[in-house]
Amino acid sequence: MTTVTFHSAHSRLDGFMVEGHSGYAEEGSDIVCAAVSAAVGLTECTINEVMGIGAQVKAREKDARISLKLPPALNDAGDDLCQTVMTGMLVYLQAMAEEYPDNLTVLLDDDDDKG
């Protein structure tokens with residue numbers, strides 16, 4: 001099972017973590033893993049390479065884990081664009097999780113709800 005956890009604070013998505021293998025099919029044939037990997041790659045590339053935001057990315061292949069954390073201080077235009085890209089990834093992965101509930105879970109960890 002792949003779990004994608006989006007982190008939110010102050011009504012703002014500020015990062016995500018992807019963990020685990022989907023288990024849908026063997027490596028090289030797993031369409032769920034490929035779709036999640038493509039969404040993560042497109043999001044990271046858009047934020048860091050196209051927009052030049054400099055989000056922190058950590059990957060551990062042996063644990064099948066990758067995370068992205070946006071910098072805390074972005075200008076309004078940069079933050080708006082990052083929110084659009086991250087929300088697009090969230091909505092896409094939520095739709096996938098509905099189609100493949102045994103292979104993908106999407107969570108929202110809202111720091112505003114923590115006391």
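Visitor: Where is Ser67 found?
Guide: Keeping in mind that this is a predicted model, Ser67 is found in strand β4, which covers residues 65-69.

Visitor: Is Ser67 buried or exposed?
Guide: Ser67 counts as buried, because its relative accessibility is 16% and buried means under 20%.

Visitor: And what does Ser67 touch?
Guide: Leaving aside residues up to four places away in sequence, Ser67 touches Phe16, Met17, Gln56, Val57 and Lys58.

Visitor: Changing topic, how many salt bridges are there?
Guide: The count comes to four salt bridges, and one of them joins the side chains of Arg12 and Asp79, at 2.7 Å from N to O.

Visitor: Why does that pair tie parts together?
Guide: Arg12 lies in strand β2 (residues 12-19) and Asp79 lies in helix α2 (residues 76-99), so the pair ties together parts that are 67 residues apart in sequence. Arg12 is buried, with a relative accessible area of 16%, and Asp79 is buried with a value of 16%.

Visitor: Which residue does Lys69 meet in a salt bridge?
Guide: The side chain of Lys69 meets that of Asp14, at 3.3 Å from N to O, and this pair links strand β4, where Lys69 sits, with strand β2, where Asp14 sits, 55 residues apart. Lys69 is partly exposed at 41% relative accessible area, whereas Asp14 is buried at 7%.

Visitor: What about Asp63?
Guide: Asp63 and Arg60 meet through their side chains in a salt bridge of 2.5 Å, N to O. Asp63 counts as partly exposed at 31% relative accessibility, and Arg60 counts as partly exposed at 40%.

Key:
Residues are numbered from 1 along each chain as its sequence is written. This is a predicted model: local features need pLDDT of at least 70, side-chain atom pairs count only at pLDDT 80 or more; totals for chains, interfaces and linings use all residues. Side-chain values use heavy atoms; hydrogens and water are left out. Helices (H or I, at least four residues) and strands (E, at least two) are DSSP runs, numbered from the N terminus. Buried means under 20% relative accessible area, exposed over 50%, partly exposed in between (1.4 Å probe, protein chains only). Contact means heavy atoms within 4.5 Å.
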